[in-house]
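Notebook open, structure loaded. I'm jotting down what I look up as I go.

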Amino acid sequence: MDDGLRVTDRWVVPAGELRERFSRSSGPGGQGVNTADSRVELSYDLANSPAVPEWLRARALARLANRLVDGVLTIAASEHRAQLANREAARERMVALLREAAAPPPPPRRATRPSRGAKERRLAEKKRQSQRKRDRRVDGE
């Protein structure tokens, strides 16, 4: 648990840069739900972290912009009864999010035109549909 998070081959988040907060979970737990602090909030300051390569920082910040608050990414996990399981779940979700944000952009789409057969099939289907609707009319228009 004390080691860092390996996001990619060249990007490892040191454990010292992760902040964990614990609180009471609203999920399952029986009688212990009112006494155990099993919910975990895992936070990582993405904007100011020296562990993030500079060429990757801008891409990650742009892709996670709607999840960041002042450059800090926070993940909450409360689906398990045990705090340790929630800590592990939060770390896994953090790695998945950071890995997705670090992924290279997809190649640009090459513009293509529909084939003649595709156009003819589309128009034939439109004619069939309009005929179907025409046949359903009561007034015979």
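**Glu 41 and its partner**

I started with Glu 41: its relative accessibility is 17%, so it counts as buried, the cut-off being under 20%. This is a predicted model, so I read every number here as computed from it. What does Glu 41 pair with? It forms a salt bridge with Arg 21, and the closest N and O atoms are 3.2 Å apart. The two sit in distant parts of the chain, Arg 21 in strand β3 and Glu 41 in strand β4, 20 residues apart. Arg 21 comes out at 54% relative accessibility, so I noted it as exposed.

Strand β3, residues 18-23, is joined to β4 by six bridges, and the two run antiparallel. In that pairing I found Ser 23 opposite Arg 39 of β4. Six bridges also join β4 to β6, again antiparallel. Leu 42 has Ile 75 as its bridge partner in β6.

In what order do the strands come? I get β3-β4-β6-β5, an open sheet of four strands with antiparallel pairing. The edges are β3 and β5 (68-69); each has a single partner strand, so one side of each lacks a neighbour in the sheet. Helix α2 packs on this sheet and touches β3, β4 and β6, with its direction at about 140 degrees to that of β6.

Then I looked at burial along β4. Five of its seven residues are buried, so the strand is largely enclosed by the rest of the structure.

**Helix α2**

I ran a quick geometry check on α2. It has 20 residues and reaches 28 Å from its first C-alpha to its last, close to the 28 Å expected at 1.5 Å a residue. Which of its residues are buried? My list reads Asn 86, Arg 87, Ala 89, Ala 90, Arg 91, Met 94, Val 95, Leu 97, Leu 98, Ala 101 and Ala 102. These buried residues pack against β1 (5-6), β2 (12-13), β3, β4, α1 and β6.

The largest nonpolar core here has 26 residues, and the members touching the most others are Trp 11, Val 13, Tyr 44, Leu 46, Leu 64, Met 94 and Leu 98. At least two residues each come from β4 (39-45), α1 (54-63), β6 (72-77) and α2 (83-102). Helix α2 gives the most, with eight residues.

What does it touch beyond four places away in sequence? The contacts are Leu 5, Arg 6, Tyr 44, Leu 46, Ala 51, Val 52, Pro 53, Leu 56, Leu 98 and Ala 102.

Arg 91 and Glu 20 form one of them, at 3.9 Å from N to O. That pair links distant parts of the chain, with Arg 91 in helix α2 and Glu 20 in strand β3, 71 residues apart. Arg 91 counts as buried at 8% relative accessibility, whereas Glu 20 counts as partly exposed at 24%. I also found Arg 87 in the picture: Glu 20, Arg 87 and Arg 91 are linked in a network of salt bridges.

Another pair is Glu 54 with Arg 57, their side chains meeting at 3.0 Å from N to O. Both lie in helix α1, three residues apart, about one turn of the helix. An α-helix has 3.6 residues a turn, so residues three or four places apart point the same way. Glu 54 is exposed at 59% relative accessibility, while Arg 57 is buried at 12%.

Asp 70 is placed in the loop between β5 and β6. With 74% relative accessibility, Asp 70 counts as exposed.

Methods: Residues are numbered from 1 along each chain as its sequence is written. This is a predicted model: local features need pLDDT of at least 70, side-chain atom pairs count only at pLDDT 80 or more; totals for chains, interfaces and linings use all residues. Side-chain values use heavy atoms; hydrogens and water are left out. A nonpolar core is a set of buried Ala, Val, Leu, Ile, Met, Phe, Trp, Tyr and Cys residues joined through side-chain atoms within 4.5 Å. Buried means under 20% relative accessible area, exposed over 50%, partly exposed in between (1.4 Å probe, protein chains only). Contact means heavy atoms within 4.5 Å. Two strands pair if DSSP finds at least two bridges between them. The expected span of a helix is 1.5 Å times one less than its number of residues. Axes are lines fitted to C-alpha atoms, for helices over the stretch in contact, and angles run from 0 to 180 degrees between N-to-C directions. A salt bridge is a side-chain nitrogen of Lys or Arg within 4 Å of a carboxyl oxygen of Asp or Glu.
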